[in-house]
Each structure stands twice: as structure tokens, then as C-alpha cells.
Amino acid sequence: MKYFNKISLLLLLIFTITSCTEQYVFQNTDFESALVVEGTMTNELKNQTIRVSQVYQLDETGPKFETGANVYITDDQGNEYQFEEKDTVYESISAFKAEAGRKYQLKIRTKEGKNYTSDEQTLTTETKIDNITATVEKVGSESGVQINVNSFDPTNSSKYYRYEYAETYKIVAPVWSPLETSIQISPAIPPDLENGFPGAPASEYILISQRKKETETCFSTKKSEDILLNNTNDQSDDRVHFPIRFISDQNYIISHRYSIFVKQYVQNLAAYTYYKTLKDLSTSGSVLSPKQPGFFYGNIKSVENPTEKVIGYFEVSAVSSERIFFNYADLFPKKPLPPYYESDCEIKDYLDCPGDFPCRQAVLRSLIRTKSRTYVSLNEPWTYFMVKAACGDCTTFSSNIVPPFWID
Amino acid sequence: MKKITLLLFLFVFQHITYSQVISDKVSVEFKNANLQTVIQNIEQSSYFKFYFDEKWFETDSTIISKQFKEVRIAEVLDEVLQNTSFNFYISGNKIILTNNSVIYNQLPDDYFGIPLEKDENGVAIAPVFYQQYDSLKRTNTRNPNKNTKEIIAIGKEVKNQKKETYTLSGYVRGGKNKEVLSNILVKIAGTKFATTTDKNGYYKLQVPPGMSMVETETFSYDKVTKKIMVYNDGTLNFTLIDNVNQLDEVLVKTNKNKNAKAAITGVTTIDTEGIKNVPLVLGERDILKVALTLPGIKTAGEGSSGYNVRGGKEDQNLFLLDHAVLYNPSHFFGFFTALNPYTTKKVDIYKGSIPAEFGGRLSSVFDITSKTGNFDKFQGEGGIGPATSNLMISTPIIKGKSSLIIGGRASYSDWILKSLDDEKLKNSQASFYDLIIRYNHKINANNDIESTLYYSKDKFSVSSDSLYKYSNRLATLKWNHSFNEKNKGSLIFTNSEYKFNIDYQTEGMNSFDFGYKINETQASVKMAYLFNEKHKFSYGISSKLYAIDPGYLNPKNPESTLIPIDVEKEKGLESAVYIGDNFKINDKLLLDLGLRYSSFAALGKSTQRIYEQNLPISDATVIETKTYANNEIIKKYGGFEPRIAVRYFLTADFSVRASYDKTYQYIHLLSNNTTQSPTDIWKLSDLNVKPESAQQFSLGFYKNLKNDELELSLEGYYKNSKNILDYKVGADLLLNENIETELLQGQGKAYGIEVLLKKQEGRLNGWLGYTYSRSLIKLNSQFNEEKVNDGKYFASNFDKPHDFSAVLNYRFTKRYSFSSNFIYQTGRPITYPIGKYDYGNAQYTVYSDRNKFRIPDYYRLDIGINIEGNHKIKKLAHSFWNISVYNVLGRNNPYSVFFVTDKGQIKAYKTSIFAIPIPSITYNFKF
């Protein structure tokens, strides 16, 4: 029996070891490029934009913009709105807006001469955002700020909504100093034999000077990446109360003043479904079951070859936008600030002398040269107190330009 | 000798005329008297003298208590001998008792050579008993070495009763353990009187009166011939002796009798006894794995628990274990079959035409039958393998009347894993067990009861944070009753339950407990009516109640952000009536006609969404939510399912068969894994999910070559199906309250040609099979989101056009044999990511058309050596060693190919399960 156990152990080991996973080189010779069109035309009077790009290979870094195309929108009244290439988008030459009741079609002619056209789209119901609210709430075990979008369509015809937001927040560097350090080079001094000076080689020294630009207060702006969708289909009223963003009270972005700009697009069912599929497929499946992968069409078709794969959706959507601001102190009075962007803002000292420990001249100068630590203070003789750059200079990860819409 | 003496008496007395000079009335009283006492009493109280053989009474247990006063002796004897096999003949004061036969006081008209009328079967009707005895005696004296078989008298003769046929019934047992044998042909030599034993080994045969030779015919046992003298209905049991040359060599016994005579196409029987030489992974004897080497039966991948039969989905197979549905017939992701190999008797697989008695699944029926326990003695069988051990014990409860068979199997991988040093392996789990108990009780010749209880459980973890458990439970109760010679029936109750549970433990707060359960209860009546030689009818009715608990999710941590979910329960009633006629038009042409009507009612309590017509079903198109009360009918579906098969013999060994079948299915398995997994869920048809239906046309040619040594068959089929379930791109199925929004129902199309060459006998035996088949599906709609691959037909997940398998055995000596099997299959289809693009502020992956690519082809060779213990008859246990190597070529067959996004790079990985040869050794024993 003992002998037998050994055998089974051996076999089981083999069994365990043999079930292996290895990287598999799958032939990507079947790579097919496909045109990707992203266009949401709105009822705002502006230069409308359309993005046109190409699918790129899995091992490439994108995006791969489609250049040299002729892009234009036509309507059922014979108007034609021409677009021109600007950087990475196509922008309408003149400002115009979608009018209710008209049928719009997007047309693209690539530089290879291939033609693509979208289905006809009409403007969706215009429903304005009533307001945006920011309230302190507890979601599960986390407390934080819940931002909700509220709107109401008395005609009960909007139903499908897509949201985008851009959040902007003020950052204040916690260990900021008006002074900064830099490495300077003193040139070599030639020997002055007449005075008996043997000369000196070129040498480096640390210069402490006043900061020349704003580094204490910064502003960061982030755009929503996820596809945010909502529908009011199961409600009797077309009333929206959509939790668009939840920010934990441990998130540094609400430490001082925070602003969110929300855009609400009213969609038609087909556009909504397209975005929903895109969203479902991109989020990984649950632990238990994977998602069904596959290709899915939008509303853009090739004129010459109707079965050609074209990705993307052209929609004509009524948009409404709204911005709010709030301060941390107003929502969380007397509560400590959330942890800063950089959690390790400990000040460290460096003795600027050559040689072995405790001297750390080489380390210190390298830190200053690479700007990985910023200056806090100096203790004679030559002990520099330094902190991680993010703690002393917010421009290392943010921008010191005050956004034009910012109201303090 | 006694009988011959009797015969002499008979000659002496035939000229004595009956006289009534002396009073023939007697007065006697019997109190719990046996026959011998009765006779003594009569002799004492009257002047009558009895002539008989005392030995006859040794086996007679008649007890009589009765008082007679001045009753004529004939009446007394009539009453006393009423329930015995004895007849009497009164001549003067002499009473001659005869066993079975009646003494005639005159010779029959035809005794001296006048030809008798013969009936259509070529058997004389009139009693020709004397002459038969005479001629027998003459044969014996002339040729003493031949035909010296004892004549067995059947039944008690009744004077003036002239029936064309009598009923002979009994049991057929055989083998070392005297187990009951089913499907054994019992026939009267040289006539058309023939039948086969049922699964309890019981047969009922119409026999002509008089002398006959009864024979049994089977492949694994020696032929037994018995001479019988039929006087009346009677019993005759057979004990068959192993046919040593063939035992263990016959791998898959296509039931020859069935094959030769049945009209239906695409039926295969696999016998467990026959498969023990086939090399299998980890030495497990596995009846369903053997099925995979037959044309038309496939699995999506090594280690996939589902079977695909003739291009059908995994959920389209009805697995029946002793009549109850077995929802998941596999252990550990399909590596092992959840059937005890020692209690399983056989599996009948219907992949072509499905008899009308079965229904509810589109593609096939796997009718698994368990063994019946030994009615006479205790016996057991077992096997010890590297991963699991099996034991079967069979014992009589009441000798000759009832028996119990218990089978158990357990894996010990868990224990081995725990004893390992590796920390990662130590914490992983993989264990399973199954248990089966079967009870048979013979009440009398016309009634018997059988019952099966079965339970299987699996527990495993694929990652350290989740523990998966699933279990099957089923119970059956069946009462078989013979109303008369022509009518038989069974009343069957079954209950099956399948459930799974996932215990997800994570470091954070999101631990949860997830579960699913399906339960069904069925009552059915199955009747058989042998109308005449030409028509055999079968008919029945069944009704099944489903209760599904589609899932709950309970967060384990009160702080959890997870929301508890409890999806609303589903209920449904599936009922069916059927009638079938096996209609033999002539010797060459046989029709098997069946008609089944099935219906399904989705029942409340439930809330169902109503979606806007002519729009895709999605959350966005709901117009109303309707609530139904408990047991209120939500929606009814139903339809006729004709099952027609025809067989025609072109020549004696060449037949052609054609069939048409229609099937409905009201329960669907939701699985968007390419392979079936234990966490797939069954869903009933309801307001928004229509039942699936399929039609299959098949045509087959069957030819026996070289004196039946080789069997060649060629079958072709074309199948189309409707409302086949598939999923929208991006579908998420688990715990989805409104699952219909993720589903698509499309058309399926499958066709194929299957060639099978079998050699059942001889030193070299086995089979070669090749299948070319396609399985396609079309999901079309006017809406893009409901269209897959542009609304054109595309390959299903299990479309594997080329499939070749060879199973060969070679027997060196009686003790040593070599076996091998080879399998080649086209790789299955897969959907690849083919590129990336930017949209909005994020990056997305583009996938190819659904199932546009294929994973590499699959092939595998396994070999095995079987060593039988010595053949001494008197031994404590008979043993058998199996040494086998799985995947000798070490082929790295991909089980799955998947994609992972790693630092913005999408990488493909393939997983193989058995990438190197796996040796194993199994010890089997029998006592």
C-alpha cells in the first residue's frame, strides 16, 4: 500500500505539472485594418469634430489617425458641411449646429478613394441638465462625495443618455518652499603662477535660488474614460438621477477645490446599444464567466463593399452641459485632508561632503540633477533637507496654469 | 426412467374400459395435509389405489385443508390437484398420477402418419406427444452419443385445451457471478418464436405445444440448448457459461440483434464489461469516454464536460441514469465520468433516430442502465487507480427475490495534494466522490420493483480564492407489471437535482457565496403491447415539473460593497404523450413509427418583461413588466414530434435504413465558455425565450463482411434546428435578472457522414471510425446588435470537420492483451482579437468574426497492456491489471487559447492539460 501511495503521488505530480500554460504565437497574418469613425454631432453651435482612425496591430502603439480624407456632413435640405484636418481630428470649417427634424449623414472619402457613409440620423430630444449635486455619502464601506446628475424630460422621449465629464481640481504642494536648488558648474581656473596659485579644476556646487515659476498651486484636469450610460426605460417618468462620479474621501483630488463639468448626450436606442455593447465587451467578465467576444457593427458602412468591417457610430445628439465647484472644507468641515498625491512626504537630510557615510554628496547632487527631490531647508554646515519632488513641486505631475473657467 | 414406465402403463391401460361397478364416491377430511398424506388418507378410506412416483412430491409444497363427504373421487382429485402439476387417470380402482402430462385413452387420429395441419410458423397444433416421445426414444437408441439431453416438461397439461401457443418465461443468468443478463436472444430452434431478455434478465416467449428445442444466443456466452416438452404455460431458467474466447475482447457490442432487426439509425450500445481494455487517462474505466471514439460523438476539448452529438450543443443530450435525468455526468471538468464503472451495465446512445418514448432534448439520448444486483449470492468488484478507487458490492436481501447493489467511488487527490510540500499546491483542492444504490425486488412473475439512488459531489479550487462545489442527486422508483402475455407496463417516478456553489474568498471585502440549483420531478407510464407478429406498440405518458433557483449571491462581509442578489425562481411543467408502432411489413421491410406530442408551460410565480415588438430585446425596449401568480401559466408551448424510421434488407447482410426525427427542447444551458463548465446554468423557456426545435434526416447503409466478422456502416445525416440559443457580443450571463436581453436565438445546421468499420471477434479486434461533419449556426436580424457575422452561417464552437479514431486490441494469450487508441480531430473554432483602436478616451480591442479562426488540430495516441490474473476457478478474488500510457506521443494539445492584456500588450496563451505522456496503473479485482 505504501508503494502504491508513492506511485499515485508521482502520478499526481505529473498531472499537476503537465497542465501548463504557455505563450502561444498566433498568426496575425489575418490582421485586417478597419476604419474607425467616432462622431457625435451636437446641437451646440460650434466647429463640430469627427475623429477618423484605423485599427492598428495588437503589438503596435496607437492611435493611427487616418489622414488625407475628405469628411463632410450632408443634411436632407441639400446642405453640405465640409471638414478639414486639424491635428488629430477633422473639424468643420464653419461652425454649425444640428437642427431638430433634419436628417444628417456623415460621408467620408479616404485618400485611397474608398467611400463610407453613415445611416441617416436626426437630432434627439433636447433635455437640459437640471443640476449637478455633490453630497457626502457612504457607498458600501467607503465614504466620500457622490456626484449626481439630475434632469427631467416631461415629453418622456429622451430615455437613453450617455455622459462624459471632465474633472478639474486644485492641488497644493504640502512641503513647498519658495527656494529651489540647482547644480551649477564653476569653470576651471587656470593656474596663476605669478601669484603662486596652482589653479583649480572645474567643480560643481549647489545653488539655492528663488523659484521662478508657480510650483505650489496646480490644476489637473482628467476626462472620463469609461462609457457612462443611463436609461430611464423602466421608469414611468423620464427623470434622471444618475450617479456619475463617486470620489472617496481618501482621494487627494478633492483636498482643496474640485470642479466637474458634465455633458449629457441624449441618444437614440441604436446609438445607446452600440455604446453599451462596447462598454460590456471592454470590461472584463466576472470571475465566473467570460464575456462573449466578437465583432459588432456600428452605423457606418462602406459604399463599395457593404460587408467591410467599419467600426464606430455617427450620432446626432442633443447635448447639455453643466459645471459645479465645491471645497473640501465645505463638505468635510474640520476633517483632516485626504492623503496627498505622494504619500511619502518625509523630509530627509543629506550631508553634502565627498566620501563615505555620513557624507552623501554624490547621492544628493544626483537627486538635485534629476529633480527627484526638492529643497526644503538648509542646516549649516551643508546639511540639505530634501523632500520627494511631488511634495514640494506640484508641476512635477500637474499644471500650474489656472484653467480659464476656474472660479476660486 | 419413471416417465418411460408411465408410458408403458399408458399402453397397457389404453384398452381398459372405464367401469363404474363399484362406488366412486369417497368421504375424507384433510387438515394441513400434504399431497402424500392426502393420498394415504384416500387409500385408507376407500378402495382406490394410487400409482405415482414419490419423488414428485419432494418439491411440491401444496397444503390442503378440506372436508369431502360422499364426493366423487374425480371431483376430489380435481380440487386437490388443482394447483399442482399433476394430472390423474382413473381406471377401475387404480388412480394413476402423472406429472405434467395427461393420459389419453385413445390414440390421436394422426398417430399413424396422417399429416397434421401446420400453422403459419410451421408447427403442428395438435398434441403429438406420444409420437414425439416415441421418436425421441428411437433416436436415442440409434445414436446414443447424440441428443441425450434431458427433456424438461413445461406446464401442466389440461385436457381438451388446445392452444396454438403457450407462454414460456424465466430468467437468464450467467457469468461467474450469475448476474442477470439482458438482451439475450431466446428462441425455439428452427422456428420464428424468439424474444430477448429484458434488463432484468427476464424473458417471455410464445412456444408451440409439444417438443421443442429452446436456445439462447449471445456473443459473450456459450450457446445453451434445452429440450422442452410443452404442456402449458411454464417457467424455464437458463444459466449461461462465459464464452472464454470472447469475453473482454468485445469492446463495443452493437447489439447485433437490434442492429440486424431494428429500423432506427444511429444507435450504439456500449457495454462496460467490454471496455475494460481501452487505455484511458489515469486508468479510469469510463463508458462515456469510449463513446467519444465513436463517430458523431465529440467533446469541445480535452477536459470539457459537455458532449456534442452530431453537431448539437452540449445541452442537447438527455443523460438518463435508470430513467432519471443526470444533469452533469462528469467529475472534475469532465476528466472523469461520474458513473461508477462497476455498477454501470451499459449505455444505449441514440444519436440518429430517437424512440418516441424519449424527448426533451434535441440531439441525443444517453440511456444509462445500472446493473441489477445478484439475487443469489454476495459478490463485489473494485479497482484501485492512481487518482480514484472504486468498489461495488452486490448482495441478495431475500434470496432469489430481492437484491441490492451499492457502488462507491472516491478520489484521494485531495489527500495527496495536502501531503505535498509546495505551498501553492497544498492549498489547492480537487476531490470528488459518487455513490449509487440500486434495489431490485421481484414480487412475482408479473410484478417487480426497482429503485436507484445516486449522488455525486465535486469540490475543487482553480485559484486560491475560490472554492467550487457541485453535486448531482437523483432517485428513481419503477414498478414493472405484466398485465398478460401481450401487455406490459411500467410506472416510473424520478427526481433529479443539480446544484453548484462558489465560495469566493478574497483578501478584501468582496468575498461572496454564489449558488444555483435545478430540481425536476417526473412521473411517467410506459406501456408495451405486442399486438401480433407484425405490430408491436408502445405508448405512454409523462409529466415533469421543473423548479430552478437561478442563483443567489450573498456577500460574506457585512462591510462589502457587493449587493446581495437573489434571482427570481423559475418553474415549468413539461408533459408528453407518445405512441410507437414497430411494424414489420415483411421480412425485408420494417417500419418504426413514432409520434410524440410534448408541451411545456412556464409557470408563475414570476415577473416577466414585455418588450416592444419589432425591436431588439434589451433593457432599453421594455414596455411593461407583468406579474404572474403562483402556478399561473405564463406561456404555453408544444408540438408534435414525429419519429419515423424504416429498414430494408437489400440482401441478407446488407441493409439500408432511413429516418426522420423531430424534437423539441424547453430547457437551455447558458454557457458562453467555449466548453461546458460546471457553473453553466439551465434556463427554462418563458415568455421571451422560445423552445428550441430540430429535425434530423438520416440515411445509413450497413453491410456485414467476411461471414459477419466485419461490420461496415455508413451513415449520413442532415439536421436543422431553430431557436438555438446564442449570445450577443459582450453578453454576461451569470446572475442576470433579465437574461433574455443577452440572448439570441438562431438557426442551426449540421450535416455529416460517419463511417465505422468494426471487427468484434478474433485476436485482433476493435474499430476504425471517421466522420466528416459540420455544425453551423446563423444569427440574423434586421438589427446590427442581434446579427453575428453579418447574419451568415458560421462554425459553432464545436465544429470539428475531420474526426478520425481507431481503437485496436490484440490478444497475445488469454492473460495478456495489448490495446491502443488514436484520435485525430480538427482544432475547434475560436474568436481572436485582431487589432486595437482608440475610441472616446480609451483603447478598445477589435475581435475577428465569431469563430473565424481555429486552434491547432488535436491528436493523441494511448496504449495499454492488460494482464489478467490466472484462470483458476477456485480463487478468492479474480484480479486484473491495467497498465496504460495516455498521450504517448506527448502531443501538446491546446485545451484553450486565451488572451491577456499585459502592459497594453495583448498576449495569447494556450493551456494544455496533458502535454506529456501520462502513465498509470490500475488494479481491478472481483470476488
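B:Asp53 is partly exposed, with 15 other C-beta atoms within 10 Å. The cut-offs: a residue is buried if 20 or more other C-beta atoms lie within 10 Å of its own, exposed if 12 or fewer, and partly exposed in between, with C-beta atoms placed from the backbone. This is a predicted model, where local features need pLDDT of at least 70, side-chain atom pairs count only at pLDDT 80 or more, and totals for chains, interfaces and linings use all residues. Residues are numbered from 1 along each chain as its sequence is written, and chains are lettered from A and ligands numbered from 1 in the order in which they are written.

Back to B:Asp53. It is found in the loop between S2 and S3 of chain B. Helices (H or I, at least four residues) and strands (E, at least two) are DSSP runs, numbered from the N terminus. Which residue lies 44 residues from B:Asp53 along the chain, with C-alpha atoms separated by 8.3 Å? That is B:Leu97.

In H2(B), B:Leu35, B:Val38, B:Ile39 and B:Ile42 are buried. Down the helix axis, the buried residues fall within an arc of 95°, so they line one face. That arc is taken from the directions between the helix axis and the C-beta atoms. An α-helix has 3.6 residues a turn, so residues three or four places apart point the same way. What covers the buried residues of H2(B)? The cover includes strands S1 (25–33), S2 (49–51) and S3 (64–72), and helix H3 (73–80), of chain B. Contact means C-beta atoms, placed from the backbone, within 7 Å.

Now chain B overall. Eight helices and 58 strands make up its secondary structure. Of its 927 residues, 44% are buried. Take contacts between residues at least 6 apart in sequence: 64% join residues at least 24 apart.

Next, strand S23 of chain B, residues 344–350. Six of its seven residues are buried. S23(B) pairs in the antiparallel sense with S16 (residues 267–271) over five bridges. Pairing here needs at least two bridges found by DSSP. B:Thr269 has B:Asp348 as its bridge partner. S23(B) also pairs with S24 (residues 364–370), antiparallel, over six bridges. There, B:Thr344 stands opposite B:Ser370.

Last, chain A. An open sheet of three strands runs S22-S24-S23, with antiparallel pairing. Its edge strands are S22 (348–351) and S23 (373–379) of chain A, each pairing on one side only. S22(A) and S24(A), residues 383–388, share four bridges. One bridge pairs A:Lys348 with A:Met386.

Terms used. Contact = placed C-beta atoms within 7 Å.
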